[in-house]
Amino acid sequence: MEKPEPNHASLHNLINKQSLLLLAGITIYQRGAHYQQLGAVLDLCNHQHNLTATVAGSDYKEYQVQLWNAEGKLASACSCPMGQKSVPCKHVVAAGLAWLHQQDKSQPGRWG
Ligand SMILES: [Zn+2]
């Protein structure tokens with residue numbers, strides 16, 4: 001368990017617009033993109049092996065979102081009703097896009 005897994009290092013490579021689109025589907029993706037533009041992602045936390053965020057929902061609730069690398073595939077969780085059923089939701093997309101946005105600003109060019 002102590003051995004570093006190469007897969008873990010690639011979480012950040014897994015998060016991109018295309019992977020979020022594939023994960024959530026076009027309808028949810030577009031809702032998530034709208035959320036991100038509205039500034040619904042309140043708190044983005046970049047851990048070594050996962051990404052967590054707090055996203056404000058349309059009903060003024062705050063949801064906890066998590067994205068991680070599941071053996072080379074992007075996996076997500078959210079505390080909203082959809083997320084509880086393991087369905088990727090707009091909060092997940094918003095969090096992923098907010099993270100991408102942050103990378104764009106802080107490290108131009110590094111990710112591509
Ligand atoms: Zn959600």
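Let's start where two helices meet: the axes of helix 4 and helix 6 come within 7 Å and cross at roughly 55°. Axes here are lines fitted to C-alpha atoms, for helices over the stretch in contact, with angles running from 0 to 180 degrees between N-to-C directions. Helices (H or I, at least four residues) and strands (E, at least two) are DSSP runs, numbered from the N terminus. Helix 4 and helix 6 are therefore oblique to each other; angles under 35 degrees count as roughly parallel, over 145 as roughly antiparallel, 65 to 115 as roughly perpendicular and the rest as oblique. The crossing of this pair, helix 4 and helix 6, is right-handed, a word used when the near helix is turned clockwise from the far one by less than a right angle, with left-handed for anticlockwise.

Before going on, a word on what you're looking at. This is a predicted model, in which local features need pLDDT of at least 70, side-chain atom pairs count only at pLDDT 80 or more, and totals for chains, interfaces and linings use all residues. Residues are numbered from 1 along each chain as its sequence is written.

Back to the helix pair. On the helix 4 side, the contact is made by I28, Y29, R31, G32, A33, Y35 and Q36, and on the helix 6 side by K90, V92, V93, A94, L97 and A98. Contact means that the C-beta atoms of two residues, placed from the backbone, lie within 7 Å. By class, the helix 4 and helix 6 contact has nine nonpolar, two polar and two charged residues. For that count, Ala, Val, Leu, Ile, Met, Phe, Trp, Tyr, Cys and Pro are nonpolar, Asp, Glu, Lys and Arg are charged, and the others, Gly among them, are polar.

Y35 is worth a stop. It is found in helix 4, and Y35 is buried, with 23 other C-beta atoms within 10 Å. The cut-offs are 20 or more such atoms within 10 Å for buried, 12 or fewer for exposed, and partly exposed in between, again with C-beta atoms placed from the backbone. Leaving out residues up to four places away in sequence, Y35 touches A40, V55, K90 and A94. Y35 and A56 sit 21 residues apart in sequence, yet their C-alpha atoms are 8.5 Å apart in space.

Now step back to the whole chain. It has six helices and four strands, and from the N terminus on the elements run α-α-α-α-β-β-β-β-α-α. Of its 112 residues, 31% count as buried. Take the contacts between residues at least 6 apart in sequence, and 56% of them join residues at least 24 apart.

Helix 3 also meets helix 6. Their axes come within 10 Å and cross at roughly 180°, and that makes helix 3 roughly antiparallel to helix 6. K17, L20 and A24 of helix 3 make this contact with V92, V93, G96, L97 and L100 of helix 6. Six of the residues in the helix 3 and helix 6 contact are nonpolar, one is polar and one is charged.

Helix 3 and helix 4 pair up as well, with axes that come within 7 Å and cross at roughly 125°. That makes helix 3 oblique to helix 4, and the crossing of helix 3 with helix 4 is right-handed. L20, L21 and A24 in helix 3 meet I26, I28, Y29 and G32 in helix 4. This contact of helix 3 with helix 4 has six nonpolar residues, one polar and no charged ones.

In soluble globular proteins, nonpolar side chains tend to be buried together. Here the largest nonpolar core has 27 residues, and those with the most contacts inside it are V55, V65, V92, V93, A94 and A95. At least two core residues come from each of helix 3 (17-24), helix 4 (26-38), strand 2 (50-56), strand 3 (62-70), strand 4 (73-78) and helix 6 (90-106). Helix 6 gives the most, with seven residues. A nonpolar core is a set of buried Ala, Val, Leu, Ile, Met, Phe, Trp, Tyr and Cys residues joined through C-beta atoms within 7 Å. Leaving aside neighbours within four places in sequence, V65 is in contact with T52, A53, V55, C78, H91, V92 and A95.

Last, two loops. E71, in the loop between strand 3 and strand 4, has a positive phi near 50° and is exposed, with 7 other C-beta atoms within 10 Å. S86 lies in the loop between helix 5 (81-84) and helix 6; the phi of S86 is positive too, near 65°.
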